[in-house]
Amino acid sequence: MIQFFKRFSANGISGVKGGIKEGFEDFRLGLRDATTVVRPTRSRMMEYDQPLLWAVLILVTLGLVMVYSASIALPDGPKYAKYSSSHFLIRHGISIAIAFTIGVFAFKVPLKVWDRLAPAIFALAFIMLIFVLIPGVGKGVNGAKRWIPLGITNFQPSELMKLAVVLFAAWYTVQRQEYLHTLVKGLLPMGAAVIAVGVLLLLQPDMGAFMVIAVIAMGLLFLGGINAKLFGALTALAIGSFASIIIFSEFRRQRIFAYLDPWNEEFAAGKAYQLTHSLMAFGRGEWFGVGLGGSIEKLHYLPEAHTDFILAVIGEELGFFGVAVVIGIFYWIIRRAFLIGRTALQLDRSFAGLVAKGIAIWIGWQAFINMGVNLGILPTKGLTLPFVSFGGSGLMMNAVAIAILLKIDVENRVLMRGGKL
């Protein structure tokens, strides 16, 4: 204290002023350093969901490899004798390129445009389902008339209808939100549309596609807030309808019996032939498979090994580990789709949120049915594994679905950054 007074008396007022001036100078230099050293950086939020896109690309790449592996021996048989060993590989590669191109264009379309076009897309898909049944227009394969020939390729309208019903059901749910608790104005119009689609699909016949479409429509109505009693009645009606279709259809009834006892001598070489050989393929694969290209079941034992039963070839060549990876990737994609839909709903984007969740239901339900059929959990149905199985129409519509899902995510991120659509 004594030293302080001595210093104060020695320096006087000028010393105090000098100290204050020096303090302000230090503050000014510190402020300058703070504003020049810390530079503004961009938000770490990505422009789009890159992990989702990579997951889809992994499945598509795996599908290309496995389609080639599963189809390489097909030209050895009389049915495909005129084809080269790389025929299905080349066609699948072209389909992937076309699907990617269509997906890029679909990604550029804002969700408000899809919202506006939803009824028109549904009407177009419905008309194409009618065209398939016209003699001379639709093309039949293995007793089913499901394709429209377009020169270099065939188009399957039921695949377009899966996308159309996602868009239409989401649009309908938003437009009729106040009537969803009523029967006449809420449930009947959508129910009539699904029944009409189901009749056309059963005439092809394509019960597998009808099951997927019905579940998509019911799922979106449920997520949209339909009355619980009406939804329960709708569920009971759907189960009763599918049961009636099976009961009054001889070949479908035989499929159920074969599914319940596939190793029975009566069914093993007939209705359960695909199932038994699929199970044998999984059995041979064990934990890590027999190696890529080493499948025996694809050598004309397992029919449709490159389409409906490609998972069995994956199980035989890559084993339990390979199948588990495929299931894990599908789970991740479906979970991401639901999360994107939830985010959209939280941002008050009802149509976008329902579309995202509808895509999740579509891909998840179809993948579940295909895997269940391959593993013997479900009766045999003609449904492909999304992103993996051979088939141009399915790949194209799956690409459009993922493009729309990514667009929803991008628009969500724009809004979360404070931007405008």
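Here, buried means under 20% relative accessible area, exposed over 50%, and partly exposed in between (1.4 Å probe, protein chains only). This is a predicted model, where local features need pLDDT of at least 70, side-chain atom pairs count only at pLDDT 80 or more, and totals for chains, interfaces and linings use all residues. Residues are numbered from 1 along each chain as its sequence is written, and side-chain values use heavy atoms, with hydrogens and water left out.

**View 1. Arg 284 pairs up with Glu 316 in a salt bridge.** A salt bridge is a side-chain nitrogen of Lys or Arg within 4 Å of a carboxyl oxygen of Asp or Glu; here the closest N and O atoms are 2.4 Å apart. Arg 284 sits in helix 11 (residues 273-285) and Glu 316 in helix 12, 32 residues apart. Helices are DSSP runs (H or I, at least four residues), numbered from the N terminus. Arg 284 counts as partly exposed because its relative accessibility is 34%, while Glu 316, at 0%, is buried.

**View 2. Arg 336 meets Asp 49 in another salt bridge.** Their N to O distance is 2.6 Å. Arg 336 belongs to helix 12 (residues 310-346) and Asp 49 to the loop between helix 1 (2-37) and helix 2 (50-71), so the pair ties together parts 287 residues apart in sequence. Both residues are buried.

**View 3. Arg 349 joins Glu 411 through a salt bridge.** The closest N and O atoms are 2.2 Å apart. Arg 349 is in the loop between helix 12 and helix 13 (350-375), and Glu 411 is in helix 14 (residues 392-416). Again, both partners are buried.

Terms used
Helix = DSSP H or I, 4+ residues; strand = E, 2+ residues; numbered from the N terminus.
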